[in-house]
Amino acid sequence: MPPLPPELIEKFRAIVGAKYAVTDPADIEPYVTEERNLFHGRSPLVLRPATTAEVSAICKLASEYKIALVPQGGNTGLVGGQTPHNGEVVVSLRRLDKIREVDTASNTMTCEAGVVLQIAQQKAAEVDRLFPLSLGAEGSCTIGGNLSTNAGGTAALAYGVAREMALGLEVVLADGRVLNALSKLKKDNTGYNLHNLFIGAEGTLGIITAATLKLFPKPRAIETAFVGLKSPAEALKLLTIAQGEASTALTSFELLAEMAVDFSIRHGIDVRDPLQEKHPWYVLMELSSPRDDARATLESILTRAMEEEIVDDAVIAANLTQRSGFWKLRDEMSAAQKPEGGSIKHDISVPVAAVPAFIAEADAAVVKLIPGARPVPFGHLGDGNLHYNVSQPVGVNTADFLARWHDVNAVVFEIVLRMGGSISAEHGIGVLKRDELPEVKDKTAIELMRQVKAMLDPLQIMNPGKVL
Ligand code: FAD
Ligand code: ZN
């Protein structure tokens, strides 16, 4: 990108106000770096609009001067989508942080894009409702970012992914037009479902400024168990029993490898092993029920699984502190890999039934490629979605190990694709997987994606170089 002429910076400044047009490199820094240090971008200008009208004026001006924009929410994305890699202007949506309406009779909540996920959850709880989207970054990620990445998280098993929680959107298009599709309707068959195009688009088609979200009844009882077992195959049997007995009350079912749990205990702050002895695999499962029957159902599931020798040991959280202890162990898992050196990440999904075979094949292939490499699989077994991360062998050079990133991806993705899976289950494509996408996706689908992009963003100013 050529440098921005000062008079254009002035015009942008006039839209958002001097205070919210950031040009000082030190103040820009937090917008061009991200937590994992995988990506470092650069930008001459960060704009922090507060209203849809300001976002619209920014897009109109950017179109007029063909200036590329990178929308950004909480900057917690894991694929480099929110980073200005080539000196683009960052549009931070964080100041669009109003909850416009809560409608308990319709069970909807209309949030602006910059509302932090945890705030949306709290707001729903205040009116005795549940907004179920839940993920490790919920204290800083935003509704706009969640929808733009179509985030999954730990409750997708029962409530679906972000897409399924949005009834409607308000979107500013690349040319500044505003698409008002803030519908509260579950039933509305009046042509193409346009708002869905922008969900999971990672900011490449337009800027989401608000969303009407679904609310659910707040569970009366939540019961959580930490379970030790021998293998992913046993975990799958437990999942089948749990779904049979609890049905949609089974809200989380996380599979954790022994090494993932070890890392979390070793490096996490205040993380303890809930079980007396070590096990090769663990499951963190949770039931949420509108009645008081969750405890009895969970006990019944575990009793049966123990009788059938599927589960070796299990503990049910006795109180809220213990429950948050179980979740802390799970939530620290990503961060706990850092002190173990380089980690090559995958966010894959395969059909649920194929998870045990996937893990066995991927472990063998990765260790054959890099002897001593340490697979650390964990994730959402109930969704067939694993964070199949691979830590470096002990004692090797981290940079040398990370230089094999694409080689490791290639062997893992080959297995994923053979099993009918996806190379990006919930984190998106961004720049991290952009070059692989055309290799793995249906040719016609890629063609249509390019045509949709060309139609909505003919000047290629909306997050260029991401996804496609
Ligand atoms: P950003 O990171 O700012 O942006 C992400 C993408 O969306 C970028 O492409 C950006 O351009 C675009 N974007 C942002 N806002 C808008 C907008 N208003 N309009 C248009 N485009 C926009 N993801 C999961 O799915 N499941 C998990 O369990 C999970 N756990 C995580 C745990 C941790 C500790 C971290 C750091 C991340 C995790 N993530 C997870 C990644 C997840 O994608 C993000 O945390 C979150 O959904 C992104 O929201 P954000 O507001 O931070 O978006
Ligand atoms: Zn996840």
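Tutor: A strand is a DSSP run of E with at least two residues and a helix a run of H or I with at least four, both numbered from the N terminus, and two strands pair if DSSP finds at least two bridges between them. What follows concerns a predicted model, in which local features need pLDDT of at least 70 and side-chain atom pairs count only at pLDDT 80 or more, while totals for chains, interfaces and linings use all residues. Residues are numbered from 1 along each chain as its sequence is written, chains are lettered from A and ligands numbered from 1 in the order in which they are written, and side-chain values use heavy atoms, without hydrogens and water.

Student: What makes β13 a partner of β18?

Tutor: Strand β13 (residues 250–257) and β18 are joined by 2 bridges, again antiparallel, which meets the requirement of at least two. Leu 255 lies opposite Gly 379 in β18.

Student: Why is strand β18 called largely enclosed?

Tutor: Buried stands for under 20% relative accessible area (exposed is over 50%, partly exposed in between; 1.4 Å probe, protein chains only). In β18 (residues 374–380), 7 of the 7 residues are buried, so the rest of the structure largely encloses the strand.

Student: Why is Leu 194 classed as it is?

Tutor: Leu 194, which sits in the loop between β9 (178–181) and α8 (195–198), has 42% relative accessibility and therefore counts as partly exposed.

Student: What makes β1 and β3 edge strands?

Tutor: The open sheet has 4 strands in the order β1-β2-β4-β3, with mixed pairing. β1 (21–22) and β3 (69–72) each have a single partner strand, so one side of each lacks a neighbour in the sheet. For β3, a pairing with β4 (residues 89–92) is parallel over 4 bridges, and Pro 71 stands opposite Val 91 of β4.

Student: Which helix gives the largest share of the lining of the largest cavity?

Tutor: A cavity is a set of points on a 1 Å grid over the protein atoms alone where a 1.4 Å probe fits but cannot get out, and lining residues have an atom within 4 Å of a point. The lining of the largest cavity includes Phe 131, Ile 143 and Met 165. α5 (143–148) and α7 (162–165) are the elements that give two or more residues to this lining, and α5, with 3 residues, has the largest share.

Note on methods: 1 Å grid on protein atoms, 1.4 Å probe; cavity = no way out; pocket = protein on both sides within 12 Å on 5 of 7 lines; lining within 4 Å.
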